Each structure stands twice: as C-alpha cells, then as structure tokens.
Amino acid sequence: MKKLFYSLLILISNFLYSQNNFEIDLSSDSYINDSLMLGAPVIRNGFGDLYRFKIQTNNNISDFGKKIRMSHSIYYFKIQKKNIASGIIEYPQPVTFGYIGKKGEPIYNTKIFFLEKGKYKIDLPQNISNLELNIDSPTNKEYRALQKSLGQFYIKSKNSDQPDSLINMSKKQEFLGEYIRKNPNSYVALWEIVNDYTLDDYHPAYLKNLNLFSAKFKQNKLYKGVETRLKAEQSTSIGQKIPDIYFDKLNKLTSEDFKKYKLTFIDYWSTTCVPCIKGMPEIVNLYNEYKDQNVNFITITDEQKPNRIEVAKNILKKNNANWMNFFDTNKDFQKKVNATSYPLHFIIDENGKIVARISNSIEGARTVIKEYLQ
C-alpha cells in the first residue's frame, strides 16, 4: 500500500512539474533571509490582468498579489542560499525584481527584463537599482536590440533614477510601425506600445500599429486585451458619443440623462487617489459656479467593496458634493471608456457627444465649459 502511495505521489509530482514552462534559479548572497519581489513594472489601471503568471508557492515564495487582491502577479521571495521558482506563463511578459526595505526606505528595482518559457539562472548583487539583467533568451535579446534602436527618440536622463525623456511620440511610432512590418509576431513590439500608453497616454498611432501584426498573432490573448482597451478609448475620444453605462441593476447613465442639460461634467475618481480627494473642493467650486447655467455634475467612484463605498460617501459628504454619484460596481464605465487613471474628467453635451476628455485638470475643464457656454 505504501509503495502504491509513493508511486502515486511521484506521478502527481511529475505531472505538476511537466505543467511548468519556466524555472528561475535565483541566488543573491546579499539578500539571504531578506526578501525580494518579482512582478510587473509600473502598469496602468485596468491593464493588470494582462500581467499574469503563476509560480508554485512554498515556505519561501508567496503569492503577494493574491494576498492583497491585485489583478496582476507579484511574488515575494524570502531569499535562501538557493532559490528555485517554477511556474507557468502564457506569453512573454515584462517584469522586474524589486526590494522594499524598512518603512521610509526607498524601493529599488532592476531594469525591465522579460519572463518567458525556459530556464533562467540569475545572480543578483547587493545594488539592484536599475540593474540590467543580461538574460540570454530570445525575447530578452530582441528587447535589448529594440531598446538600443529606440534610443534615438529619447534624451538620456542625467539622473539614473529618472526615466529618459521622449522627444517625439509620432516619430517613435512610425519607427515602431516599420519594425512590426518586419517582425509581425513580436511580443516585444506589442509590449512597447503598452508601455508607451502607460507612460505617455493615448496616441492614434497605437491602433494603426496594432493592425500591422500578423493574423495569427492577433489571435493571442495579450493582443486581444490591448486592442479592446485601445478601441474603447478611441471610441470615447472627443467628438464620439459616450456609451450607455450600467452601474448595477438600479443605476444607469444613458443618452436620455444628457438631454436635460447643456453640458454634463463627469469626474471619475477613487478613494485611494490622493489627487482626486485633494481636487474635490475645486470640483465643488466649479459646481457652484455653473450649476445655475444648466450644467450637470456627476461623479463616478471606482469602488466595489462596501467599506470603501462608505469611505467614498463620507468624502463626498465632507466636501458638500451635492450632485449625483454612482459607484462603478460592475466596472462597466471603466471598461467601456478605458478609464485607466484618476482623476478623469468627461464633458458631455446634450446629444451625448464627448466635448472633452481631460486627465486631472479642473482648470482645463473650467476653460472648456466657459468657452462652450459662450
């Protein structure tokens, strides 16, 4: 009976191992008994599910992303003399190793490298800040070569902690388009578009370049996820009609709601967004300035949990926000307009047409409203 049990155990272990498609052999003598994290670099709100991979957890490797209910993958490593991490990844993804010290200490990250199928042997020194990991894998080789070619579109930062400055996004996207024509199955090129959108906002060339990928490549999960989000933003840019939004079974926002007013100002915010909360009094001032000129005010709060909804209600009450507020419990608003940052302001006319889409500028919104009414 014992032999049968051990045989089954070996079979199960072998089956689980065969499902893994990457393995990291990590060593770092400087961090033994300390912790490092592995996860996506800076990501945009609403894109987290594109940065997903799975590592087998144990006493020294924990799924931190799951613990704090993040949509993207983050794993914590309690560093030992030898650290082997096995897992599953569907497509190549940009990641970094990072170190979070004691409270008040800065966070250090390596430079971006790509996690993909295969085996990695990584030895991290004590100073990992902006460390480039020279990993010899197909995607990492391509990434380094492309970054070198794209250097012509940036002014190199004198401070190693600050990113390089992009000179001209349109020129960069032209170059990237030519690159995709020659490499129509390039995950590196697709992630570069995602990175540009994350750091520099929407540009019409993104969707134009997406069309250049091969028909087969367009069937993968990452491509479809990026395309859906960018098309949602394109369809809700200035001049387009805002879609009907269904917050829950009782609350919705449709074209009928805009017909009653010359303009409707929409503010999309969250209780975790400091600029949103600091800017609330400015929105109240804007409301008091234009409420009698047939301008409607609406806030949409990106909160789903009951305790966070209560926090939001208290913030609105404290600021005397006497307008309609909706909670985006189904994330219908976030998905349909590709709302990827806070605070985000929309100004809608009586026909439901988008007059302005503005990121974090009440003064910008005030100017649009004033000019439109005049």
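Student: Does threonine 340 count as buried or exposed?
Tutor: The model is predicted: local features need pLDDT of at least 70, side-chain atom pairs count only at pLDDT 80 or more, and totals for chains, interfaces and linings use all residues. Numbering starts from 1 along each chain as its sequence is written, and side-chain values use heavy atoms, leaving out hydrogens and water. Buried means under 20% relative accessible area, exposed over 50%, and partly exposed in between (1.4 Å probe, protein chains only). Threonine 340 has 6% relative accessibility, so it counts as buried.

Student: Which residues does threonine 340 touch, beyond those up to four places away in sequence?
Tutor: Threonine 340 sits in the loop between H11 and strand E18 (344-349). Helices (H or I, at least four residues) and strands (E, at least two) are DSSP runs, numbered from the N terminus. A contact needs heavy atoms within 4.5 Å. By that test, threonine 340 touches Arg44, Asn45, Phe47 and Tyr197.

Student: What is the length of the polar contact that joins the side chains of threonine 340 and arginine 44?
Tutor: A polar contact pairs N or O atoms within 3.5 Å, one able to donate a hydrogen and the other to accept it; neighbours in sequence count only through two side-chain atoms. For threonine 340 and arginine 44, the value is 2.4 Å.

Student: How far apart in space are threonine 340 and glycine 46, C-alpha to C-alpha?
Tutor: In sequence, 294 residues separate threonine 340 from glycine 46. In space, their C-alpha distance is 5.6 Å.

Student: How many residues of H5 are buried?
Tutor: Tyr197, a contact of threonine 340, is one of the buried residues of H5. Others include Trp191, Glu192 and Asp196. H5 is mostly covered: of its 14 residues, the buried count is 11.

Student: Which residue caps the N-terminal end of H5?
Tutor: H5 covers residues 187-200. At its other end, aspartate 201 follows, with a positive phi near 75 degrees. At the N-terminal end, a side-chain oxygen lies 3.4 Å from the backbone nitrogen of valine 188, and it belongs to serine 186.

Student: Which element gives the largest share of the lining of the largest pocket?
Tutor: A pocket is an open set of points on a 1 Å grid where a 1.4 Å probe fits, with protein on both sides within 12 Å along at least five of seven lines; lining residues have an atom within 4 Å of a point. The largest share, 7 residues, comes from H5.

Student: Which element gives the most to the lining of the second largest pocket?
Tutor: The second largest pocket has a volume of about 900 Å³. Of its 27 lining residues, Asn45, Ser71, Asp302, Lys331 and Tyr342 are closest to the centre. Two helices each give two or more residues, H7 (221-235) and H11 (332-337). The most, 3 residues, come from H7.

Student: What percentage of the residues in the chain is buried?
Tutor: The chain has 12 helices and 19 strands. Its C-alpha atoms fill a box of roughly 80 × 50 × 40 Å along the principal axes. Of the 374 residues, the buried part is 45%.

Note on methods. Grid points are joined across faces, edges and corners, and a volume is the space filled by probe spheres set on the points.
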